[in-house]
Amino acid sequence: MDQSASGNDCKNNFCIDKLIAARKSLKLSLEKSRTLGLALEKAGPRLEEINQRLPSLEAAVRPIRADKDALVAVGGHINRAVGPAAAVLKVFDAVHGLEKSLLSDPTNDLPGYLSVLKRLEEALRFLGDNCGLAIQWLEDIIEYLEDNRVVDGMYLSNLKTSLKGLRELQNDGERVHLDGGLLDAALDKLENEFRRLLTEHSVPLPMSAPSLGEQACIAPSPLPVTVIQKLQAILGRLIANNRLEKCITIYVEVRSSNVRASLKALDLDYLEISISEFNNVQSMEGYIEQWGKHLEFAVKHLFEAEFKLCNDVFERIGLDVWMGCFAKIAAQAGILAFLQFGSTFTESKKEPIKLLKLLDIFSSLNKLRLDFNRLFGGTACVEIQNLTRDLIKRVIDGAAEIFWEIFVQVELQRQSPPPQDGSIPRLVSSITDYCNELLSDNYRPILSQVLVIHQSWKQKKFQEMILVNEVLKIIKAVDLNLETWVKAYGDATLSCVFAMNCHWHLYKHLKGTKLGELMGDSWLKEHEEYKEYYSVIFLRESWGKLPGHLSREGLILFSGGRATARDLVKKRLKTFNEAFDEMFRKQSVWVIPERDLRQKTCQLIVQMVLPVYRSYMQTYGPLVEKDASSSKYAKYTVQGLEQMLLSLFLPRRERYGSFKGRPTGSKIDNGVDLRRTASAVA
């Protein structure tokens with residue numbers, strides 16, 4: 001029993017141990033299950049990811065299942081494409097390595113900057129050439145892969161899309177896709193440097209420049225040689241990148257502005273003057289004289305310098321380029337305004353003074369003819385050429401028209417009345433001065449040239465003495481006018497004063513002049529003699545009759561007593577006074593403009609009248625001086641009478657202005673108008 005119990009106890013212990021071991025095993029299994037559950041829970045997303053990647057993995061391992069020959073061939077295609085692609089990538093890296101240098105300021109080291117830029121251009125050229133080759137090889141690979149089904153369709157589609165984008169970029173031709181805009185940025189910096197160099201070294205020409213001589217002044221280049229060399233170096237790179245037009249625009253803008261600044265100091269506001277302002281004769285001479293000097297200065301100093309500089313800077317590019325550049329500078333700087341001013345003047349109203357100014361314009365243009373042909377003779381300057389030709393034609397036509405009209409106008413004036421005061425008609429003084437001016441060394445060769453050109457345009461035969469013959473006709477017409485006007489006066493003595501004035505004026509003012517030489521000594525002598533002739537007649541028929549009123553007849557032999565003698569003296573003095581007063585009243589409004597002729601005439605009158613009056617008053621004055629009414633008879637003292645006679649024939653300035661002799665080059669009076677109206681000669 002004790003054994004049986006002991007055996008049962010052992011059996012029970014064994015069972016308990018097994019239960020404990022089973023419980024431990026179960027617990028361990030539960031823990032493993034829990035761990036496995038957690039692991040499975042974590043592995044779920046990864047399995048999903050693997051599941052999603054299975055198609056690509058399948059495509060990746062597909063070449064293993066592809067044809068052996070196809071797999072061998074694809075290797076060769078890949079090797080051929082890798083070489084160009086690797087080279088392209090290497091150059092891309094080099095391009096990015098240049099970025100820092102090219103984005104810096106080229107001012108400090110322009111040669112170095114240009115060198116780096118040239119390397120960039122070469123790199124882009126290489127990329128442009130080889131990118132296409134690399135793309136072509138890649139396209140060949142894709143075509144082979146597609147034909148042999150070596151790769152998955154989706155992968156193939158992605159490759160095709162990428163290559164299509166590359167091909168479009170290449171065909172676009174814009175280098176910005178190759179260098180990210182680096183080249184354009186560098187070229188912009190070069191353009192700015194081009195402008196800076198020009199601006200900093202473009203200084204307006206000082207107006208203290210030496211005065212112009214007769215010969216052309218070839219101005220030195222206005223920019224230092226080193227600056228020109230830098231500009232040329234910059235131009236080389238910009239032209240290589242199709243930026244020539246931008247360079248020309250910058251150059252024209254800067255240099256034309258510089259020329260305008262030089263001209264501004266000359267005060268050229270008059271170039272904008274209107275036609276109505278030109279009709280003011282007073283302003284003509286000053287404007288035209290300024291215009292000629294300023295045009296010569298502009299052409300010989302400013303445009304000449306610009307012409308040479310354009311050649312220096314752009315000579316390597318070609319004649320058409322730098323001539324076109326110069327043409328734009330000239331047009332924008334103001335040459336067109338000079339030519340337009342001349343054209344505006346030709347449209348103003350016709351007056352004799354205008355002829356001289358037209359000749360001045362022609363002379364200025366003719367002096368600059370060789371300069372104009374050289375500077376503005378190219379096809380690029382066609383607008384300047386057309387304006388110049390048009391101006392010359394207007395000047396020649398206008399000058400010839402006015403010149404041929406002079407004779408007609410002199411004839412028209414013949415029907416006009418002569419001056420009421422016997423003074424010199426404005427026609428006589430103005431036309432003689434005018435013709436003398438035309439025959440001067442300043443105008444005769446110019447006018448002759450103008451007339452010859454005008455005749456040739458009309459296909460008329462050349463006449464060597466055309467100017468001289470026409471002037472002779474004009475002066476002979478003036479002579480005929482004088483003869484007509486002398487006969488037009490109702491008062492014979494006033495007619496004599498008028499004749500004296502005119503003949504003396506012609507003799508005095510033409511003697512020793514070009515016109516006087518043309519008319520000849522005999523013609524001048526004839527006018528001097530006519531003056532003397534009319535002077536004698538004038539004195540005889542007017543003042544020469546006064547002494548006869550102071551006759552002594554009957555006074556010496558008279559025996560009728562003192563009272564009777566007094567009455568006779570009174571009567572004769574009264575008659576003298578009345579005749580003197582009437583003659584003085586009438587002639588005090590007459591005019592002898594020439595001082596020497598006036599003084600001589602007055603002296604002759606004094607010599608003719610005063611001695612007789614003095615002697616008469618000394619002898620018979622006492623008979624009437626004590627009379628209560630003596631002032632009626634002894635009306636004038638000898639001194640008073642002399643002063644009155646010496647005051648005769650003075651010009652009334654407030655009515656006629658100064659009658660001093662006209663200086664050479666003075667304006668012709670408006671009384672001679674080229675419009676066909678018979679205006680008064682006075």
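Colleague: What makes K514 and D441 a salt bridge?

Modeller: A salt bridge is a side-chain nitrogen of Lys or Arg within 4 Å of a carboxyl oxygen of Asp or Glu, and the closest N and O atoms of K514 and D441 are 3.4 Å apart, so the pair meets the definition. K514 lies in helix α21 (residues 514–519) and D441 in the loop between α17 (426–438) and α18 (444–457), 73 residues apart, so the pair links distant parts of the chain. Please keep in mind that this is a predicted model, in which local features need pLDDT of at least 70 and side-chain atom pairs count only at pLDDT 80 or more, while totals for chains, interfaces and linings use all residues. Residues are numbered from 1 along each chain as its sequence is written, and side-chain values use heavy atoms, with hydrogens and water left out.

Colleague: Why is D441 called exposed, and why is K514 called partly exposed?

Modeller: Buried means under 20% relative accessible area, exposed over 50%, and partly exposed in between (1.4 Å probe, protein chains only). D441 has a relative accessible area of 58% and is therefore exposed, whereas K514, with 35%, is therefore partly exposed.

Colleague: How do you know whether R243 is buried or exposed?

Modeller: The relative accessible area of R243 is 15%, so R243 is buried. D188, at 35%, therefore counts as partly exposed, and D184, also at 35%, is likewise partly exposed.

Colleague: What makes residues 335–346 a helix, and how does the span of α13 relate to what is expected?

Modeller: Helices (H or I, at least four residues) and strands (E, at least two) are DSSP runs, numbered from the N terminus, and α13 has twelve residues.

Colleague: Why is α13 described as mostly covered?

Modeller: Ten of its twelve residues are buried, including I335, L336, F338 and F345.

Conventions:
Expected span 1.5 Å × (residues − 1).
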